[in-house]
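These are my notebook entries on one structure. I record what I looked up and what I found.

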Amino acid sequence: MNAVSPPSRKRWLWLAIALALVLLVVFWVFIKKPAEPAPAAGAQAGPKPSLTVTVAKPNRSSLPIRLQANGNITAWQEASVGAEVNGLRLASVNVNVGDVVRKGQVLAVFASETTRAESLQSRASLMQAEASFENAKADADRARSIQDTGALSQSQVAQYLTQEKVARAQFEAAKAALGATEVRLGNTRVLAPDDGVISARSATVGAVVGAGQELFRMVRQSRMEWRGEVTPSEVGRIRIGQKVLVTAATGLEIAGQVRAIAPGADPQTRNILVFVDLPRHAELKAGTFAKGSFELGQSDALTVASQSIVVRDGSNYVFVIDAQNKANQRKVQTGRRVGERVEVLEGVKEEDAVAVEGAGFLNEADLVKVVQ
């Protein structure tokens with residue numbers, strides 16, 4: 001026999017190894033791997049839930065009835081503080097816009113040199129008139145004491161009595177003139193007419209102003225009010241003393257009370273102003289916009305959590321989860337909103353299971369998993 005050459009032996013060796021590997025794979029696939037159990041007859045794989053949600057039934061509770069209105073915050077009363085003297089120079093201005101002042105506080109001072117000189121002159125005139133009156137009175141007293149003796153004629157006695165009356169009148173006129181100059185001197189100091197806060201200032205140091213010219217404007221007692229605008233059909237539901245929740249432009253919510261209702265409507269807007277007193281607060285600024293909510297009472301309502309309301313295409317919807325855990329989309333009409341609850345006027349019933357958390361991700365007929 002012929003011996004097998006070395007290359008042939010190597011080739012047969014590789015073929016043997018490849019065949020062994022193929023047999024090993026076949027053995028593993030068909031013998032070692034466990035067989036998968038066959039599905040039971042008639043059984044089908046069910047769909048898996050797409051989302052996990054929580055559900056809650058609508059609550060029936062008592063909600064406040066409110067009337068919404070818009071308006072502006074204004075000063076309760078503004079006082080105009082002006083000059084009571086004419087032709088004097090402003091020597092100093094002691095306050096600025098925003099300063100809180102007290103009644104009688106000095107706001108500004110006029111130069112008082114001229115007024116003081118006039119006061120001294122009036123005082124000197126008074127002293128002179130007083131001396132003249134005392135002299136005339138002494139002459140009149142002597143004339144009255146001797147008029148029955150015949151030492152003086154009736155005409156002389158009458159002359160002394162008349163001089164007394166004239167001197168008395170001049171004395172009283174001098175006193176009045178001095179009082180006027182003292183008042184003028186006192187008016188060189190501009191005083192606050194009431195407690196409040198300065199809202200405007202036109203006074204300038206060195207300016208010569210006329211009598212009656214406004215120097216300051218102040219909000220009396222720092223009080224603000226809200227002037228809400230309501231329609232004639234709504235004003236009949238508002239009463240004096242009614243509570244109002246006012247929301248300022250800063251987001252501040254403050255409770256007020258209706259003080260007065262305008263007797264007529266604005267000729268341009270046809271709305272009626274309602275004046276609401278507000279408590280003092282640093283964030284309230286005159287001239288700013290604010291919204292108001294009039295408390296008109298309470299009524300029964302069916303509410304759901306605000307998370308349950310889904311807004312799509314300009315409409316409000318909720319998703320009701322049925323017994324098969326499927327989501328059913330329902331269009332609802334909403335009403336009042338109080339905190340985290342929203343009134344539902346129509347679209348759901350008290351026994352419905354309404355999706356809460358996760359409602360915004362649902363679609364019609366979605367299968368969900370409900371958790372507590």
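This is a predicted model: local features need pLDDT of at least 70, side-chain atom pairs count only at pLDDT 80 or more; totals for chains, interfaces and linings use all residues.

Residues are numbered from 1 along each chain as its sequence is written, and side-chain values use heavy atoms, with hydrogens and water left out.

Entry on Ser222

I looked up the contacts of Ser222. Leaving aside residues up to four places away in sequence, Ser222 touches Asp195, Gly196, Val197 and Arg280. I then located the residue: Ser222 sits in the loop between strand E11 (214-220) and strand E12 (224-230). Helices (H or I, at least four residues) and strands (E, at least two) are DSSP runs, numbered from the N terminus.

Is Ser222 buried, exposed or partly exposed? I use buried for under 20% relative accessible area, exposed for over 50%, and partly exposed for values in between (1.4 Å probe, protein chains only). With a relative accessible area of 25%, Ser222 is therefore partly exposed. I also recorded that Ser222 has a positive phi of about 55°, although it is not a glycine. Finally, I checked Ser222 against Glu350: they are 128 residues apart along the chain, and their C-alpha atoms are separated by 50 Å.

Entry on Ala365

I noted another positive phi in a residue other than glycine: the value for Ala365 is near 70°. Ala365 lies in the loop between strand E21 (354-355) and strand E22 (368-370). Its relative accessible area is 44%, so Ala365 counts as partly exposed.

Entry on the sheet with E11

I returned to E11 and asked which strands share its sheet. For pairing, DSSP must find at least two bridges between two strands. An open sheet of 4 strands has the order E4-E11-E9-E6, with antiparallel pairing. Strand E4 (78-82) and strand E6 (100-101) are the edge strands, and each pairs on one side only. Between E4 and E11 I found antiparallel pairing over 5 bridges. Glu78 has Val219 in E11 as its bridge partner.

Entry on the sheet with E7

I next examined an open sheet of 4 strands in the order E8-E7-E5-E10, where the pairing is antiparallel. Which strands stand at its edges? They are E8 and strand E10 (208-209); each has a single partner strand, so one side of each is left without a neighbour in the sheet.

I followed the pairs one by one. E7 and strand E8 (residues 189-191) run antiparallel and are joined by 3 bridges; here Val109 has Arg189 in E8 as its bridge partner. Strand E5 (residues 88-93) pairs with strand E7 (residues 106-110) over 3 bridges, in the antiparallel sense. Within this pair, Val93 stands opposite Ala108, and Ser92 stands opposite Val109. E5 and E10 run antiparallel and are joined by 2 bridges, and the partner of Leu88 in E10 is Val209.

Entry on helices H2 and H3

I reminded myself that two packed helices are described by the angle between their axes and the distance between the axes. The axes are lines fitted to C-alpha atoms, for helices over the stretch in contact, and angles run from 0 to 180 degrees between N-to-C directions. Helix H2 (residues 113-146) and helix H3 (residues 154-186) pack at an angle of about 160°, with axes 7 Å apart. H2 and H3 are therefore roughly antiparallel to each other; angles under 35 degrees count as roughly parallel, over 145 as roughly antiparallel, 65 to 115 as roughly perpendicular and the rest as oblique.

Thr181 has 10% relative accessibility and so counts as buried. Not counting residues up to four places away in sequence, Thr181 touches Thr115, Glu118, Ser119 and Ser122.

Methods: Contact means heavy atoms within 4.5 Å.
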